[in-house]
Amino acid sequence: MCSSFSGDVSKELVLENISAVENIGLSISCIVFDQGQTNCCMVKDLGVTSNQPFITTEAHNKIYVMYDYCNLLKSVHNTLIAHDIDTNEGNSEVIFLFNRI
């Protein structure tokens, strides 16, 4: 579910800005976002998928869309700290406690 500042609004703002940049003769090769809920909705609204990680502009330029890798690493870190991993290795249980690292 998207927030009140929807992915549609973000999408339109991004596309307007891309168009303005291209109209003055500059080109954009990549746009980067954090994993905020509105941004995730916007990426979906833009039609970006793992099979097509880019958008094509009115000027027929490809602009790749990606999430900020530092934010992705922070998310993985926070998930590992918040949740332990339990596995069954043979007859013994192995528990990885990341909050002790």
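What percentage of the residues of the chain count as buried? In this predicted model, the figure is 22% of the 101 residues. The chain holds three helices and five strands, and from the N terminus on they follow the order α-β-α-β-β-α-β-β. Contacts between residues at least 6 apart in sequence can be sorted by separation: 56% of them join residues at least 24 apart.

Two packed helices are described by the angle between their axes and the distance between the axes. Helix H1 covers residues 7–23 and helix H2 covers residues 37–45; they pack at an angle of about 65 degrees, and their axes are 8 Å apart. Angles of 65 to 115 degrees count as roughly perpendicular, and H1 and H2 are therefore roughly perpendicular to each other. The crossing of H1 past H2 is right-handed. On the H1 side the contact is made by Gly7, Asp8, Ser10, Lys11 and Val14, and on the H2 side by Thr38, Cys41, Met42 and Asp45.

Helix H2 can then be read residue by residue. Its buried residues are Thr38, Asn39, Cys41, Met42 and Val43. The elements that cover them include H1, S1 and S3. Lys44 also lies in helix H2, but Lys44 is exposed because its relative accessible area is 69%, over the 50% cut-off. The C-alpha atoms of Lys44 and Gly7 are 8.1 Å apart in space, although the two residues are 37 apart in sequence. H2 is followed by Gly47, which has a positive phi, near 85 degrees.

Which residues make up the largest nonpolar core? There are eleven of them: Val14, Ile18, Ile31, Phe33, Met42, Val43, Leu46, Val48, Ile55, Ile63 and Val65. Two or more residues each come from H1, strand S1 (30–33), H2 and strand S3 (62–67). In soluble globular proteins, nonpolar side chains tend to be buried together. Two of the core members, Met42 and Val43, are also among the buried residues of H2. Val14 and Met42 belong to the core and take part in the contact between H1 and H2 as well. Leu46, another core residue, is in contact with Lys11, Leu15 and Ile55 when its neighbours within four places in sequence are left aside.

Strand S3 also contains Tyr67. Is Tyr67 buried or partly exposed? Tyr67 is partly exposed because its relative accessible area is 27%, which falls between the cut-offs of 20% and 50%. Leaving aside neighbours within four places in sequence, Tyr67 is in contact with Val32, Phe33, Asp34, Gln35, Cys40, Val43 and Leu72. Of these contact partners, Phe33 and Val43 are members of the nonpolar core. Tyr67 and Gly36 are 31 residues apart in sequence, and their C-alpha atoms are 9.8 Å apart in space.

The last stop is the loop between strand S2 (54–56) and S3, where His60 is found. The phi of His60 is near 65 degrees, a positive value in a residue other than glycine. His60 counts as exposed because its relative accessibility is 69%.

Conventions. Residues are numbered from 1 along each chain as its sequence is written. This is a predicted model: local features need pLDDT of at least 70, side-chain atom pairs count only at pLDDT 80 or more; totals for chains, interfaces and linings use all residues. Side-chain values use heavy atoms; hydrogens and water are left out. Axes are lines fitted to C-alpha atoms, for helices over the stretch in contact, and angles run from 0 to 180 degrees between N-to-C directions. Helices (H or I, at least four residues) and strands (E, at least two) are DSSP runs, numbered from the N terminus. Angles under 35 degrees count as roughly parallel, over 145 as roughly antiparallel, 65 to 115 as roughly perpendicular and the rest as oblique. A crossing is left-handed if the near helix is turned anticlockwise from the far one by less than a right angle, and right-handed if clockwise. Contact means heavy atoms within 4.5 Å. A nonpolar core is a set of buried Ala, Val, Leu, Ile, Met, Phe, Trp, Tyr and Cys residues joined through side-chain atoms within 4.5 Å. Buried means under 20% relative accessible area, exposed over 50%, partly exposed in between (1.4 Å probe, protein chains only).
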